[in-house]
Amino acid sequence: MNKVMSDKWFITLYILPAMLLLGILIFIPLVLTGYYGLMRWDGIGSMEFIGLANYINVLQDGVFWRSAGHSFLLALFSTLSLIIYLAVAMILASKIKGADFLRKIYLIPMLLSSVAIAQLWIKIYNPSNGMLNEILRGLGVQNPPLWLADPNIVLYSIFVPILWQYAGFYILIYYAALKGIPESIVEAAKIDGATPIQIAYKIKLPLIMGVVKVTVVLAIIGSLKYFDLIWVMTGGGPNGASEVMASYMYKLAFANNNFGYGSAVAFMLLLITLLVTLIVRKLTADKEELQY
Amino acid sequence: MGRIGYFLLYICLSIVAVFQIFPIVWLFLFSLKDNREIFAGSPFALPSEIQWQNYVNVWQGGIGNYFFNSVWITGVSIALTLLFASMAVFVITRMTWKLNKFFLGLFMVGLMIPIHSSLIPLFSMFLSVNLIDNPWSIVLTYTAYNLPITMMILLGFFYTIPREIEEAAIIDGASLHRLFFGIILPISTPILSTTAIINMIYNWNEFVFVNTFISSDRYKTLTVGIQNFVGQYMTDWGAIGATLVISVLPILIAFLFFSNKIVDGISSSAVKG
């Protein structure tokens, strides 16, 4: 039996397809990105080694840092919005009839492609005929905002569909975690005279802290690499007001054929993502494991 | 909590539900209206005369081709991902060998990689083997990038398969291939279908890879194809609405039938820590 279950040929044969695909299409490209960053290269012609020049330029590139700032702002919004999602999940998990149905309704936007969501919200935000401004005009607003065309508010306008898209996802995760809390703990607190607010804040929240930390990491990482929706809605405009790290990199490589510099930006995106993951994990590391 | 308290909670939950659902309802409504009605009427009004013509127009305009590409690329990628992922997870969880922890770790690292950090080398690799503007570049990429998450969902289930099942099969003289294809895969159907649906949502909605690797219209999938349509029907909102509805309908229909599977899959794919 043990001999059969350690058949080397069989193991090799079965692990090989997954290993090759992952190695060739994920790990090797990752290393190559860092390597291409050392080159001057238009993507077609021959490469010219220029050392760390691209990376030094990225560090001094105002457009890159402005884009990074937008990415971090989105990460901040996303993290703060977790509070709303958590509150909704708390309500949903408090013996509400139809909770199962409601959380499915909340999840629907998450199933749509970012492209479809972007196109839909372009229509919603359309200054003259969009749903939003029609409602605002109906309420008597004289000059409703231009939303995506106004550089001062474009980032906020983009964030609303992001909030809309991911709400159901986070509510679902929090709801599942809250449902995992044993009823006896909550009952005991009630008998001791705790108010619903106290139960939510002092008992339920600490018990699902592990899940909350995971979602903070997910929200921050997800925001730092956000691309599809912004690319379709504004292309980073107007005038770079909604440019993020990924869209800047994409423009450099695939619109300007600046593959070397684009790779350096892509590598910075990877480093920043890994670094932030590490920092967030460290900051939220468990000091004491709560158990029930 | 008193009655009024519960009433207020329901109001809150209903507001969230309306916020989540209304934009989609509005989309369905304007996909069935003509421009005159969209621009002049209330956004909440039902269409006075249902304009199926919008759907006929975009279908004749060639959206069927994008739709077909999305279907086969999504389907083939799901099949390959599920096969390769379950093969790898089988030998990692069930076979006795030294490097299984190492390979497991390697696959899980794949979960953390942002796709934009590997996009440029992928493009130049596909270019050098003539796979740019070839749908197989998309199938290969989807398969590879969905492997880690699929393996992660399968892992928990495969660990719980009882040893006795394997022992009985081997003693009966079954080969390892027979054990895997004849016994392990069939008993894994529930978890495999969960991963299939999660893969379907990812593949159907993917945009960046197709936008980067495919340039000919005949190979484009819906997510990139609808971009062309929106450009083409710039001012015809009804047609754009119909295009978007066609692109999201398969996923919504899948959700109608498999909502529990989707909920399971999404929760197990998220809490990976």
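**Exercise 1.** Locate B:Asn130 in chain B and state whether B:Asn130 is buried or exposed.

*Solution.* B:Asn130 sits in the loop between α5 (119–128) and α6 (135–159) of chain B; helices are DSSP runs (H or I, at least four residues) numbered from the N terminus. Its phi is near 60°, a positive value in a residue other than glycine. With 67% relative accessibility, B:Asn130 counts as exposed (over 50%; buried is under 20%, partly exposed in between; 1.4 Å probe, protein chains only).

This is a predicted model, in which local features need pLDDT of at least 70 and side-chain atom pairs count only at pLDDT 80 or more, while totals for chains, interfaces and linings use all residues. Residues are numbered from 1 along each chain as its sequence is written, chains are lettered from A and ligands numbered from 1 in the order in which they are written, and side-chain values use heavy atoms, with hydrogens and water left out.

**Exercise 2.** Describe the interface of chain A and chain B.

*Solution.* Start with contacts (heavy atoms within 4.5 Å): 87 residues of chain A touch 94 residues of chain B. Next, sort the chain A side: 64 residues are nonpolar, 13 polar and ten charged (nonpolar: Ala, Val, Leu, Ile, Met, Phe, Trp, Tyr, Cys and Pro; charged: Asp, Glu, Lys and Arg; polar: the others, Gly among them).

Terms used:
Helix = DSSP H or I, 4+ residues; strand = E, 2+ residues; numbered from the N terminus.
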